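Subject: Structure handover

Hello,

Here is the structure I promised to pass on. Please open it alongside this note.

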Amino acid sequence: MRVSMEQAGDQFEELLERAERGEPVIITRNGQDAAVLRAVEATDHRPELTLEERRAIIKEIMAKAPPPVPGEPLADRSHDFLYDENGLPV
């Protein structure tokens, strides 16, 4: 099915239902194909990670980080010199 942008705005709910049923919906602008409205497939979504999987990913990332250099500030304190004791820029 092809519809103009103007028609798509007026019939959006119906077009969405058609797309969800698998019917291709092509939206045109000035007579030229501009976009395709289609249903989202299960493969389009990333599966929800479990807490254990998230922790494993974080642990893996942290293991790849270089160790801190003795005498240098840690990343969370590395820009402290830019602010005064009230937290305002110097």
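Below is what was found in it, topic by topic.

First, the ground rules. This is a predicted model, in which local features need pLDDT of at least 70, side-chain atom pairs count only at pLDDT 80 or more, and totals for chains, interfaces and linings use all residues. Residues are numbered from 1 along each chain as its sequence is written, and side-chain values use heavy atoms, with hydrogens and water left out.

**The core**

The largest nonpolar core has seven residues: Val-3, Ala-8, Leu-15, Ala-19, Val-25, Ile-27 and Leu-37. A nonpolar core here is a set of buried Ala, Val, Leu, Ile, Met, Phe, Trp, Tyr and Cys residues joined through side-chain atoms within 4.5 Å. Buried means under 20% relative accessible area, exposed means over 50%, and partly exposed is in between (1.4 Å probe, protein chains only). Helix H2 (12-20) and strand E2 (25-29) each supply at least two residues of this core. Helices (H or I, at least four residues) and strands (E, at least two) are DSSP runs, numbered from the N terminus.

Strand E2 deserves a look. Ile-27 is in contact with Val-3, Ser-4, Met-5, Ala-8, Gln-32, Asp-33, Ala-34 and Ala-35, leaving aside neighbours within four places in sequence. Contact means heavy atoms within 4.5 Å. Thr-28 also lies in E2. Thr-28 has a relative accessible area of 12%, so it is buried. Not counting residues up to four places away in sequence, Thr-28 touches Arg-2, Val-3, Ser-4, Met-5, Asp-33 and Ala-34.

**Salt bridges**

How many salt bridges does the structure hold? There are five. A salt bridge is a side-chain nitrogen of Lys or Arg within 4 Å of a carboxyl oxygen of Asp or Glu.

Glu-14, Arg-18 and Glu-23 are linked in a network of them. Glu-14 and Arg-18 meet at 3.3 Å, N to O. Both lie in helix H2, four residues apart, about one turn of the helix. Arg-18 also bridges to Glu-23, with the closest N and O atoms 3.1 Å apart. Glu-14 is partly exposed, at 37% relative accessible area. Arg-18 is partly exposed too, at 22%. Glu-23 has 28% relative accessibility, so it counts as partly exposed.

Another bridge joins Glu-48 and Arg-54, at 2.6 Å from N to O. Glu-48 is exposed, at 65% relative accessibility. Arg-54 is partly exposed, at 39%.

**Helix H3 and the surface**

Is H3 buried or in the open? Of its 14 residues, the number buried is zero, so H3 lies largely in the open. H3 covers residues 51-64, and its end C-alpha atoms are 20 Å apart, which agrees with the 20 Å it should span. The expected span is 1.5 Å times one less than the number of residues.

Leu-49, Ile-57 and Ile-61 make a nonpolar surface patch of about 260 Å². Patches are made of residues with over 30% relative accessible area and no salt bridge, with like charges joined within 9 Å and nonpolar side chains (Val, Leu, Ile, Met, Phe, Trp, Tyr) within 5 Å. Accessible areas come from the Shrake-Rupley method with a 1.4 Å probe, and for residues only the protein chains shown count as cover. Leu-49 sits in the loop between strand E3 (32-37) and H3. Its relative accessibility is 37%, so Leu-49 counts as partly exposed.

Best wishes
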